[in-house]
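Subject: Handing over the model

Hi,

Here is the structure I promised to pass on, with my notes below it.

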Amino acid sequence: MTEERLSFQAEVSRLLDIVAHSLYSEKEVFLRELISNASDACDRLRYAALTQPELSADDPNLAITLIADAEAKTLTVADNGIGMGRQNLIDDLGTIARSGTAAFVNQLSGDARKDVSLIGQFGVGFYSAFMVATKVEVLTRRAGETQGWRWLSDGQGEFTVSEAEDVARGTRVVIHLREGDGEYLEEHRLRAIVTKYSDHIALPIRLGSGEDAKVLNRASALWTRPKSEITAEQYKEFYHHVGHGFDDPWLTVHWRAEGKLEYTSLLFVPSMKPFDLFDPKRVHRVKLYVRRVFITEEAEGLLPPYLRFLRGVVDSEDLPLNVSREMLQNNPVVSRIKTGLVRRVLGDLAKKSDDAEAAAEYATFWENFGAVMKEGLYEDFENRDTLLKLARFQSTHGDGLVSLEDYVGRMKEGQDAIFLITGDDREVLLKSPQLEGFKARGVEVLLLTDPVDEFWVAAVSSFKDKSFKSVTKGGADLAKIKPSEPQPEPEKPAEGDVATLVALFKTTLGDAVKDVRVSERLTDSAVCLVADDGDMDMHLERLLRQHKQLGAGMAKRVLEINPAHGLIKRLVALAKAPGAASSLADVAWLLLDQARIVEGEQLPDPTGFSRRLAAFLERGVCDLGLAA
Ligand code: ADP
Ligand code: MG
């Protein structure tokens with residue numbers, strides 16, 4: 001009989017090292033992890049047996065069995081589920097498959113204390129057995145196969161895999177307990193742990209085998225029980241099991257739909273961001289059951305991608321049991337369930353968002369998942385209004401998040417648009433020259449910093465008849481808006497004189513700009529760039545270029561100048577002088593480049609910029625009045 005010796009993936013070794021040395025106080029969670037795996041394995045067999053009944057025919061009563069052997073000092077967690085083949089053993093128990101766990105390992109700091117608290121938060125699945133084990137042995141046989149396998153490891157970097165004879169279908173995980181961990185052989189201790197963490201498991205969890213076996217749990221699917229009989233603790237443990245999340249659920253949505261369509265749904269909104277939230281596949285992880293039989297967690301059409309942070313189960317009474325995963329695509333029952341789920345979840349979120357006392361937690365929810373929810377603004381036309389009401393934004397109004405209702409309530413007389421600015425960073429946005437005039441008039445501007453913002457802003461035209469308008473695009477329309485306090489009219493040169501300077505700039509800059517205009521939105525800065533109405537907003541263009549969705553050529557921008565600014569006033573005066581065009585050319589280019597820099601755009605000619613700047617600095621330092 002051959003025995004293969006293999007090394008754990010480096011991340012697993014690192015993880016095991018921490019697990020083995022951890023002083024984590026709740027070591028007992030290892031049992032929850034192993035029972036959870038056993039339950040998953042039985043679910044998977046039950047599904048496979050729908051089309052291949054022979055897979056489970058010889059031993060159809062799926063169950064989980066704990067066997068405590070005081071003499072051998074071993075605790076065995078056995079299931080008669082799907083089992084593992086040789087390659088499963090190597091892949092599943094030798095590497096880290098779950099993205100969450102991989103991300104978890106990457107967060108490990110090497111500081112034992114911090115790392116241990118992370119273990120508590122995330123759980124480490126199968127590997128947690130090494131918290132209490134000197135050695136773990138896995139005996140397993142895949143349903144439908146005849147060859148059994150033995151996996152063995154002391155958790156020190158390597159494991160062995162060898163053929164094993166007379167292995168029953170399913171998996172037995174034999175834990176050789178460490179000195180001092182004998183408590184996990186005691187019935188009352190095991191019973192307490194199962195009650196605490198695994199009572200929701202729908203299969204019987206037995207202690208002992210044969211006649212004396214005792215069932216430790218209620219063995220009915222949690223979501224089928226009446227709400228009033230389920231404690232918060234049980235919901236939480238179920239969430240951990242079904243969602244592989246180790247935070248607490250923030251919102252639990254449990255209901256039974258009756259009528260034309262019957263289904264039970266138990267969904268959770270996590271309180272922390274799952275690691276794969278921004279995975280480009282955008283898949284959700286809600287499990288679909290049909291009459292208590294697990295079907296798949298890949299029923300794509302069950303939830304829209306913008307709700308992919310939800311965890312939980314949906315159990316349908318209407319779908320056929322032998323529904324294949326392929327049949328689920330474009331299935332009308334599934335799509336009607338989806339409509340119901342979305343309505344219900346958004347409804348419950350709306351209740352939270354309306355609850356003034358829950359404002360802080362709702363804000364945290366939005367910080368976690370808002371960027372994902374906003375995808376719904378352009379993907380789910382039907383629920384757009386609800387989503388707009390649920391949405392929260394940063395704004396110039398203050399540090400907190402604001403709703404669109406709040407915003408509209410604060411709009412000024414004469415203001416007919418919801419103003420916004422998009423960018424990467426709130427602090428940078430707050431300093432944008434384009435905001436100056438809005439700030440001066442007390443007009444609130446939304447500060448949008450999620451990449452998705454560009455896309456919904458382009459798709460959603462208005463909220464309550466107020467259109468969305470970027471402050472870096474088109475005319476500012478500020479003159480129509482009454483300021484909260486009367487504003488002193490700044491001193492400006494005569495319009496005709498300003499026009500001369502504008503014409504001079506236009507001639508000089510030529511094709512480099514789309515236009516040169518007098519600005520309504522600047523108060524402190526001399527110049528800024530804006531996108532012309534109908535052109536792509538500047539931040540969106542940069543974003544697309546970063547993602548190689550746009551070629552090199554930049555759309556031309558409008559250069560706005562502020563006639564109330566000291567420098568511009570001087571230039572206006574000089575522009576009338578003969579020969580001004582050639583003398584002021586460098587100034588025009590410098591001002592344009594400066595506006596580009598403030599906007600975060602690249603300079604097309606950095607050398608030209610620095611040559612001009614150096615020339616002006618040289619003249620400028622003469623004016624410093626220092627004795628040389
Ligand atoms: P997770 O359960 O989150 O996938 P685990 O570390 O708990 O992560 O388990 C890793 C994998 O090992 C499982 O996904 C499964 O494929 C396999 N596995 C673990 N325990 C069993 C079992 N009792 N029966 C069948 N497969 C199992
Ligand atoms: Mg697991």
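Before the rest, some housekeeping. This is a predicted model, in which local features need pLDDT of at least 70 and side-chain atom pairs count only at pLDDT 80 or more, while totals for chains, interfaces and linings use all residues. Residues are numbered from 1 along each chain as its sequence is written, chains are lettered from A and ligands numbered from 1 in the order in which they are written, and side-chain values use heavy atoms, with hydrogens and water left out.

**Overall**

One open sheet has five strands in the order β10-β11-β14-β12-β13, with mixed pairing. Two strands count as paired if DSSP finds at least two bridges between them. β10 (249-257) and β13 (293-296) are the edge strands, each with a single partner, so one side of each has no neighbour in the sheet. From one strand to the next, the twist averages 20 degrees. Axes here are lines fitted to C-alpha atoms, for helices over the stretch in contact, and angles run from 0 to 180 degrees between N-to-C directions.

Within this sheet, β12 (residues 285-290) pairs with β14 (residues 311-316) in the parallel sense over six bridges, and Arg285 has Arg311 of β14 as its bridge partner. Helix α2 (residues 29-51) packs on the sheet and touches β12 and β13, its direction making about 80 degrees with that of β13. Contact means heavy atoms within 4.5 Å. Helix α10 lies across β10, β11 (263-270) and β14, at about 135 degrees to β10.

α10 (residues 332-354) also meets α11 (residues 359-373): their axes come within 11 Å and cross at roughly 140 degrees. That makes α10 oblique to α11; angles under 35 degrees count as roughly parallel, over 145 as roughly antiparallel, 65 to 115 as roughly perpendicular and the rest as oblique. The α10 side of the contact is Leu346, Leu349, Lys352 and Ser353, and the α11 side is Glu361, Tyr362, Phe365 and Met373. By class, that is five nonpolar, one polar and two charged residues. (Ala, Val, Leu, Ile, Met, Phe, Trp, Tyr, Cys and Pro count as nonpolar, Asp, Glu, Lys and Arg as charged, and the others, Gly among them, as polar.)

Another open sheet runs β21-β23-β22 with mixed pairing. Its edges are β21 (513-518) and β22 (527-530). β21 and β23 (residues 557-561) pair in the parallel sense over five bridges, with Val513 opposite Arg557. Helix α21 lies across β21, β22 and β23, at about 65 degrees to β22.

α21 (residues 580-599) has helix partners too. The axes of α20 (residues 566-575) and α21 come within 10 Å and cross at roughly 155 degrees, which makes α20 roughly antiparallel to α21. Leu567, Ile568, Leu571, Leu574 and Ala575 of α20 meet Ala580, Leu584, Val587 and Leu591 of α21, giving nine nonpolar, no polar and no charged residues. With α22 (residues 606-622), the α21 axis comes within 10 Å and crosses at roughly 115 degrees.

Happy browsing!

Conventions. Helices (H or I, at least four residues) and strands (E, at least two) are DSSP runs, numbered from the N terminus.
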